[in-house]
Amino acid sequence: MEWVYTLFGLFGGALILFGFYRTSVGKWTGKSLWYELDNLFGAILITIYQLHHRAFISVVLNVIWAIVAIRGISSYAERRLKKLRVRR
């Protein structure tokens, strides 16, 4: 069962790094929905891994990371709704 947690940690880290890479090379912006989703799901997966290993200090960091990503998704939704209202 240990390997499942290891996969969560690896996949979560890969998601966060993938989002960082795509933003750095200009494929996404820091306001991109995909960037925020990568950060959110990456932070959740890493948090599961860290909880399993009782790495509580790192858990706090990733919970904050996930909260920031949720706020980014909320901002994205607000911008989209604003654009839709302007078109009407």
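Mentor: Helices here are DSSP runs of H or I with at least four residues, and they are numbered from the N terminus. The model is a predicted one, and with that definition the protein has 3 helices and 0 strands, in the order α-α-α along the sequence. The part I will take is helix α3, together with what lies against it.

Helix α3 runs over residues 56-87, which makes 32 residues, and the span from its first C-alpha to its last is 47 Å, close to the 46 Å expected at 1.5 Å a residue. Its buried residues are Val-59, Asn-62, Ala-66, Ala-69, Gly-72 and Ser-75. When reading such a list, bear in mind that an α-helix has 3.6 residues a turn, so residues three or four places apart point the same way. Helix α2 is among the elements that cover the buried residues of α3.

Asn-62 lets us follow that cover in detail. This residue of helix α3 has a relative accessible area of 6%, and because buried means under 20%, Asn-62 counts as buried. If neighbours within four places in sequence are set aside, Asn-62 is in contact with Ala-43, Ile-46, Thr-47 and Gln-50. With Gln-50 there is also a polar contact between the two side chains, at 2.9 Å.

Side chains of opposite charge can pair when their charged atoms come close. Arg-71 and Glu-78 form a salt bridge through their side chains, at 3.7 Å from N to O, and a search of the whole structure finds 1 salt bridge. The relative accessibility of Arg-71 is 45%, so Arg-71 is classed as partly exposed, and Glu-78, at 46%, is likewise partly exposed.

Asp-38 is an acidic residue to check for burial: its relative accessibility is 10%, so Asp-38 counts as buried. Not counting residues up to four places away in sequence, Asp-38 touches Leu-15, Ile-16, Phe-18, Gly-19 and Trp-28. The C-alpha atoms of Asp-38 and Phe-20 are 9.0 Å apart, although 18 residues separate the two along the chain.

Between α2 and α3 there is a loop, and Arg-54 belongs to it. Arg-54 has a positive phi of about 55 degrees even though it is not a glycine, and at 62% relative accessibility Arg-54 is exposed.

Along the principal axes, its C-alpha atoms fill a box of roughly 55 × 25 × 20 Å. Buried residues make up 30% of the 88 residues, and of the contacts with a separation of 6 or more, 57% are between residues 24 or more positions apart. The accessible surface comes to about 6,500 Å², and 70% of that surface belongs to carbon and sulfur atoms.

Note on methods: Residues are numbered from 1 along each chain as its sequence is written. This is a predicted model: local features need pLDDT of at least 70, side-chain atom pairs count only at pLDDT 80 or more; totals for chains, interfaces and linings use all residues. Side-chain values use heavy atoms; hydrogens and water are left out. A salt bridge is a side-chain nitrogen of Lys or Arg within 4 Å of a carboxyl oxygen of Asp or Glu. Buried means under 20% relative accessible area, exposed over 50%, partly exposed in between (1.4 Å probe, protein chains only). Contact means heavy atoms within 4.5 Å. Helices (H or I, at least four residues) and strands (E, at least two) are DSSP runs, numbered from the N terminus. The expected span of a helix is 1.5 Å times one less than its number of residues. A polar contact is a pair of N or O atoms within 3.5 Å; within protein, one must be able to donate a hydrogen and the other to accept it, and residues adjacent in sequence count only if both atoms are side-chain atoms. Accessible areas come from the Shrake-Rupley method with a 1.4 Å probe; for residues, only the protein chains shown count as cover.
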